[in-house]
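Subject: Structure handover

Hello,

I am passing on the structure we spoke about, with notes on what was found in it. Please have it open while you read.

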Amino acid sequence: MADIAHVDGPTDEDGPVDDNHDNGHGDEHGGHGDHESTGTDNRKLGMWVFLSSEFMFFGALISNYLLFKGRDFTGFDRITLIYPIELYDIPFTSISSFVLLMSSLTMVLAHDALASGDQNRTRVWLAATGMLGMVFVGGQFFEFSEFIHEGMTISSNPAASAFYMLTGFHGAHVFIGILMLLSLWGISRRQGGLTEDQGLNLELVGLYWHFVDIIWIVIFTIVYLIP
Amino acid sequence: MATTTDARPVARTIFRRPAGHTGFWSWITTTDHKKIGIMYGYTAFVFFILGGLEALVLRIQLAVPENTFLSAAEYNAMFTMHGTTMIFLFVMPVSAAFFNYLLPLMIGARDVAFPRMNAVSFWIFFFGGVFLYTSFIFGTTGPPEGGFAAEVSRLGTAPNGGWFGYAPNSGAQFSTGTVLDYWSLGLQILGLASLISSVNFIVTVFNMRAKGMSLLRMPVFVWMTTVVAFLLLFSIPIIAVALFMITFDRQFGTLFFDAAAGGDPVLWQHLFWLFGHPEVYILILPAMGIVSEVLPTFSRKPLFGYPAVVFAGAAIGFMGFGVWAHHMFSSGVTPITQAAFGLSTMAIAIPTGIKIFNWLGTMWGGRITLNTPMLFSIGFVAMFVIGGLSGVTHAVVPADWQQTDTYYIVAHFHYVLFGGAIFGLFSGLYYWFPLLTGRMYNETLGKIHFWILMLGFNMTFAPMHWLGLNGMVRRTWVYANEAELAQWNMVVTVGAFIIAVGVAVFMANWMYSKRNGPKAGMDPWDARTLEWTIPGPTPNYNFGVNPVVTSLDDFWHKKYSEDSEGRPVRRPEADTLLAELEETGLNPPAPIHLPAPSYYPFMVGVAIPIMGYGVIYKDQAFGIPLALVGMLILVGSFAGWGVEPLELDEDHEEGDHA
């Protein structure tokens with residue numbers, strides 16, 4: 001990707017000249033020449049492998065929620081009879097889901113902008129993606145505080161516990177995604193653009209971001225839409 | 001690779017970059033897969049000794065009926081820590097030691113795919129283990145709500161809910177002290193280490209193979225490593241969720257496992273064993289891989305049915321996710337579930353049986369050398385068959401109802417995990433000793449070790465079969481005099497001490513031979529895999545020249561051809577080849593780039609347990625600040641890591657004079 005802007009500057013340790021050395025390719029020190037056996041960069045393959053593990057993580061959380069979702073807790077000790085399903089504000093959550101979906105679009109646009117070498121546009125779309133993510137997390141924060149206000153806490157009953165656990169861990173994933181997006185944005189701002197190597201990082205963050213979105217589609221359907 | 005440019009400004013980092021290759025700091029900051037492997041090995045061995053001491057304490061208590069050596073509370077802590085240590089802090093990390101050291105060598109690579117992530121895995125494991133053990137010092141055991149408090153010595157202030165930590169016993173209601181927090185957070189930390197290393201190994205296997213090393217030319221050990229990595233990848237997230245749930249139950253008031261509040265304690269068992277059963281294959285498959293390397297070498301025959309062994313290993317991995325409820329036949333799961341899981345459990349014996357027959361087929365008609373690694377491998381096959389057969393009896397549901405929670409189960413899993421996994425691991429330690437140290441171990445001591453261990457092992461665990469069938473219950477600190485179990489229990493205890501003697505012989509041999517053993521020279525076993533094309537001790541760049549592979553057991557075929565009856569005939573050029581390999585191995589013709597050392601993996605490892613303490617003591621004044629400090633170190637380390645290039649410019653000349 002020679003068309004990605006070469007960043008200059010006297011202290012630029014990540015500049016293009018260095019690309020052969022600092023990009024974490026095993027091959028660079030493995031000295032195998034230029035091939036990975038699969039043709040996919042180590043870090044990209046690593047991200048895919050990691051995400052497959054994340055599917056199991058959310059799979060377990062979702063199963064946990066499904067197990068408790070339909071249960072009637074009447075007659076049990078130490079619980080409050082208030083169920084997540086009674087409190088959902090579907091229009092509100094639909095809008096925040098839409099916001100999160102749109103952030104996948106802006107992520108793709110950021111990637112596309114970098115591929116065509118437009119560093120400014122890349123930064124704009126990176127920031128937009130991060131903003132949309134923040135809107136989503138803000139919406140979740142608002143939703144949680146509403147629910148708590150109406151009396152459903154993490155200790156109300158196992159269904160409520162499972163709801164907060166599942167959506168909370170998803171929110172934490174979005175939050176980590178935002179941190180990664182903002183770091184990329186900050187690096188790009190500081191050095192005037194992303195190098196080819198950092199461009200791969202952008203792709204990795206993109207993979208992660210889309211994954212978090214896909215998981216949300218599943219959660220939104222299973223938790224909010226299906227009665 | 002050519003050195004690229006002239007002088008450039010040195011990379012800007014927070015600390016001055018560590019650069020040495022020897023001394024204390026070189027170990028703390030290393031990113032070399034071999035050094036990391038060695039650290040895994042030694043750390044795991046220290047935990048092995050701790051776990052072994054715990055076992056001896058248990059056996060002293062059980063040597064005579066109605067003994068008062070330990071209290072019930074202390075006994076609970078001892079058996080919990082024995083199991084947790086042996087599984088998470090010994091067998092898994094010592095397998096990780098083999099993966100780390102050997103995987104890149106066997107596929108012809110200079111390092112793993114992510115050298116710094118590899119160091120992170122180790123340090124998270126190391127401090128996770130330390131964190132778990134600090135429970136002995138800081139932990140508290142509380143009475144169950146409404147129960148009475150008993151006096152507990154420091155021997156008893158360790159996690160005490162069993163390695164399986166069954167809810168609701170491990171929940172906030174019945175374990176009010178902090179020891180179960182140490183357990184749940186400690187396991188979470190150890191799981192994180194395993195998860196990171198599994199990603200690393202998978203990418204290494206798929207991306208870093210030498211030219212010509214197609215998947216079906218990889219040594220079986222590499223295949224088993226791959227299967228284990230996938231098992232970890234898919235099972236660790238499940239235990240992570242379960243451990244988060246129990247942690248939240250204990251710390252933040254969720255009600256997942258609280259039956260009185262409508263929670264579901266059996267859910268814990270499902271989640272735990274959905275991880276726990278793949279886990280037992282995580283423990284045994286590395287040993288199976290080792291045995292599959294040792295048996296062909298010392299039978300001087302290729303592995304019988306290589307593709308069958310590989311596919312059987314993969315099949316075990318897949319099926320391992322479908323048998324978990326056989327740990328729960330007495331938990332009230334439905335009859336249909338019991339029948340289905342009984343059948344799937346029997347079915348998993350098929351791929352296991354395939355492997356056994358392939359190993360026998362490998363030895364059949366071979367020219368067998370009965371040295372120490374070979375003895376341990378044959379011991380593995382024999383003992384594993386016994387353990388496997390008693391395992392199949394658990395698949396028969398009515399029989400399992402009788403066996404469950406008795407010493408019969410204890411006998412079974414020690415036959416597969418000690419007679420199996422640990423025998424296999426010892427075999428590997430002897431087999432690769434020359435590669436690791438460049439020297440030979442003492443063969444006589446090795447054989448003495450084997451026979452003492454064999455005797456002690458069978459004295460310890462064989463009588464447990466009939467003790468269990470005669471009604472001796474697991475996890476109970478005393479048994480009555482009238483139960484007539486005393487005689488065999490004494491035999492078991494004596495056996496346990498004989499095992500300890502065997503391990504002492506091993507340690508003596510190791511420490512002595514490491515310094516004083518005779519030089520091993522190139523390819524001491526006349527072996528078949530790539531790691532033996534390297535002169536021992538392995539140079540830090542591994543291969544002087546990157547290997548190219550043209551077939552399975554490539555190295556062997558370069559040394560041997562076959563006569564008309566299929567017997568190996570040494571090629572005339574074999575000795576020249578070895579001399580050449582030694583020469584290029586010691587003096588690489590071109591400079592070689594290596595990943596530079598880094599402080600950050602170590603700091604990540606330090607940060608995570610600090611956060612763990614913060615969570616445990618969140619209600620005290622120092623809890624939250626502690627968690628924040630941990631988080632700060634973590635974020636700072638990642639930031640420093642992010643701006644730190646993988647290689648040092650000064651490192652270019654690495655290969656020239658090493």
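To start with chain A: of its contacts with a separation of 6 or more, 78% are between residues 24 or more positions apart. Chain A has seven helices and zero strands, so that its elements, read from the N terminus, run α-α-α-α-α-α-α. Buried residues account for 43% of the 227 residues in this chain.

Please bear in mind that this is a predicted model. Its scores are ipTM 0.92 and pTM 0.92.

Confidence in chain B

Chain B has a mean pLDDT of 91, with 94% of its residues at 70 or more. Over residues 1-13 of chain B the pLDDT is below 50, and the model gives this stretch 18 contacts beyond near neighbours in sequence. Residues 650-658 of chain B also have pLDDT under 50; here the model has 21 contacts beyond four places in sequence.

A helix pair in chain B

Helix α6 (residues 179-207) and helix α7 (residues 220-251) of chain B have axes that come within 8 Å and cross at roughly 150°. Because angles over 145 degrees count as roughly antiparallel, α6(B) is roughly antiparallel to α7(B). The crossing of α6(B) past α7(B) is left-handed. In the contact of α6(B) with α7(B), 18 residues are nonpolar, eight are polar and two are charged.

Two buried residues in chain B

Thr345(B) sits in helix α10 (residues 335-347) of chain B. Is Thr345(B) buried or exposed? With 25 other C-beta atoms within 10 Å, Thr345(B) is buried, since the cut-off for that is 20 or more. Leaving out residues up to four places away in sequence, Thr345(B) touches Val323(B), His326(B) and Ala395(B). Ala395(B) is 50 residues from Thr345(B) in sequence, yet their C-alpha atoms are 5.7 Å apart.

Ile608(B) belongs to helix α20 (residues 600-616) of chain B. Ile608(B) is buried too, having 24 other C-beta atoms within 10 Å. Beyond four places in sequence, Ile608(B) is in contact with Ile124(B), Phe127(B), Ile189(B), Gly630(B) and Leu634(B). Thr576(B) is 32 residues from Ile608(B) along the chain, and 52 Å separates their C-alpha atoms.

Backbone points in chain B

Most peptide bonds are trans, and most residues other than glycine have a negative phi. The following residues are listed with that in mind.

- Ala167(B) and Pro168(B) are joined by a cis peptide bond, with omega about 0°. Pro168(B) is in the loop between α5 (135-138) and α6 of chain B.
- Gly536(B) and Pro537(B) are also joined by a cis peptide bond, with omega about -5°. Pro537(B) is in the loop between α17 (486-516) and α18 (554-559) of chain B.
- Arg475(B) is not a glycine but has a positive phi of about 60°. Arg475(B) lies in the loop between α16 (443-469) and α17 of chain B, and counts as exposed, with 11 C-beta neighbours inside 10 Å.
- Asp526(B), likewise not a glycine, has a positive phi of about 55°. Asp526(B) is in the loop between α17 and α18 of chain B, and counts as partly exposed, with 18 C-beta neighbours inside 10 Å.

Regards

Methods: Residues numbered from 1 in each chain as written. Chains lettered and ligands numbered in written order. Predicted model: local features only at pLDDT ≥ 70, side-chain atom pairs only at ≥ 80, totals over all residues. Axes fitted to C-alpha atoms, helices over the stretch in contact; angles between N-to-C directions. Helix = DSSP H or I, 4+ residues; strand = E, 2+ residues; numbered from the N terminus. Parallel < 35°, antiparallel > 145°, perpendicular 65-115°, else oblique. Left-handed = near helix turned anticlockwise from the far one by under 90°. Nonpolar A, V, L, I, M, F, W, Y, C, P; charged D, E, K, R; others polar. Buried ≥ 20, exposed ≤ 12 C-beta atoms within 10 Å, placed from the backbone. Contact = placed C-beta atoms within 7 Å. pLDDT = per-residue confidence, 0-100.
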